[in-house]
Amino acid sequence: MSTAVVVLLAVGVLSWLFRVGAITLLPATRLPPPVRRLLDHAVPAALAAMVGAGIAGGAALPDLASRLPVLAGAVVTAVLAWRVRGIVLPVMAGLAAAWVLSVLVI
Amino acid sequence: MTSTPFLERSVVAAAVRDTVPVAASIAPLALVIGATAARSGVPVAADMVGAAFIFAGAAHLAVLTTLGAGALTALSAAALINVRLLLYSASIEPRFRRQPRWFRWLGPALLIDQTYLLVTARDDLAEPARFRRYWLCAGGLLMGCWVATVALGSVLGPLLPEGVPLDAAAVAVLVGMLAPRVKALRPAAVAVAALLAAALLPGGLGLLVGIVAGAVVGVALDRWAS
């Protein structure tokens, strides 16, 4: 079994534990307050960190020129996602911007 | 009494009616996940099992995009993303309190952002059996559509031309999920701190430091505001 499959299954088990955690295993009211305060901000922090890592392309101090299409796609998506409801249109527009720019750069 | 079958049909119809547009809204993410998995060499069947087990797009995508930085990094990133499910389960626990034991253990497997928002938006699910039918129907339908769309992405992914920037698609989907959450100043500051730290530090270290930095900035701002 490949590493990817093992990690996917492990994340599945962990996710299920989170899901039943406060329903069946341990009431959330018993979590320490500092942990609950950190958890309040975990979602935007995690999503933003993944965006940052995705724009950088996995390398420190990235070569911005080569990552420009990804950056442009992210900016177009962000601007539209703030203005319209739903994720489909912003993502399609962002992907189109990235695609056009990658063709121009190449 | 004929009212029970009628109620069963009405709650099922309501669940389907509520779920179809939600399933359509998450389809782009599922397609990107399937295509990314195919490009990463993950077999379609394995990715479908992963999609059903994880049943959470951002965490699934995190595994696929951070695996290059190591299994532990991918596992940690996905865990930090999905830890919000603990908060959802705490919030929704009263709806599960009077349910049968099997449902209290297996029903939460369908808990995601969308099912949480669907049931918390309805005020007609106080009766346990009615909640259970709605939950299983909406969550089951959503999971079925999700896994099928991930599989479709896995099949279509290899057919895409080499020039298609799939990494841009993955980032765009994440930005689309992030943007509605950061309209206020505090979550925006959390996001900026996390994004910069993750972008400026290498690979998996940047991702983990970014998440922690964002959460710490959030807590600091909470204290400052109070």
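Axes here are lines fitted to C-alpha atoms, for helices over the stretch in contact, and angles run from 0 to 180 degrees between N-to-C directions. With that in hand, welcome to a predicted model in which helix 4 (residues 64–83) of chain A and helix 5 (residues 88–105) of chain A pack at about 155°, their axes 7 Å apart. This briefing looks at helix pairs in both chains and then at the interface between chain A and chain B.

**Chain A: helix 4 with helix 5**

- Angles over 145 degrees count as roughly antiparallel, and helix 4 of chain A and helix 5 of chain A are therefore roughly antiparallel to each other.
- Their crossing, helix 4 of chain A over helix 5 of chain A, is right-handed.
- From helix 4 of chain A, the contact draws on Leu68(A), Pro69(A), Ala72(A), Gly73(A), Val76(A), Thr77(A), Leu80(A) and Ala81(A).
- Helix 5 of chain A contributes Leu89(A), Pro90(A), Val91(A), Ala93(A), Gly94(A), Ala97(A), Ala98(A), Leu101(A) and Ser102(A).
- Sorted by class, the residues of this contact are 13 nonpolar, 4 polar and no charged.

**Chain A: helix 3 with helix 4**

- Helix 4 of chain A also meets helix 3 (residues 42–56) of chain A, where the axes come within 8 Å and cross at roughly 150°.
- Helix 3 of chain A and helix 4 of chain A are therefore roughly antiparallel.
- Gly54(A), Ile55(A) and Ala56(A) of helix 3 of chain A touch Arg67(A), Val70(A), Leu71(A) and Ala74(A) of helix 4 of chain A.
- By class, this contact holds 5 nonpolar residues, 1 polar and 1 charged.

**Chain B: helix 3 with helix 4**

- In chain B, helix 3 (residues 57–66) and helix 4 (residues 71–82) pack at an angle of about 165°, with axes 8 Å apart.
- That angle makes helix 3 of chain B roughly antiparallel to helix 4 of chain B.
- The crossing of helix 3 of chain B and helix 4 of chain B is right-handed.
- Ala58(B), Ala59(B), Ala62(B), Val63(B) and Thr66(B) of helix 3 of chain B face Ala74(B), Ala77(B), Ala78(B), Ile81(B) and Asn82(B) of helix 4 of chain B in the contact.
- The class count for this contact is 8 nonpolar, 2 polar and no charged residues.

**Between the chains**

- Contact between the chains involves 61 residues of chain A and 80 residues of chain B.
- About 6,200 Å² is buried between chain A and chain B, with carbon and sulfur atoms giving 81% of that area.
- The salt-bridge count between chain A and chain B is 0.

Conventions. Residues numbered from 1 in each chain as written. Chains lettered and ligands numbered in written order. Predicted model: local features only at pLDDT ≥ 70, side-chain atom pairs only at ≥ 80, totals over all residues. Heavy atoms only, no water. Helix = DSSP H or I, 4+ residues; strand = E, 2+ residues; numbered from the N terminus. Parallel < 35°, antiparallel > 145°, perpendicular 65-115°, else oblique. Left-handed = near helix turned anticlockwise from the far one by under 90°. Contact = heavy atoms within 4.5 Å. Nonpolar A, V, L, I, M, F, W, Y, C, P; charged D, E, K, R; others polar. Buried area = accessible area lost by both parts, 1.4 Å probe. Salt bridge = Lys/Arg side-chain N within 4 Å of Asp/Glu carboxyl O.
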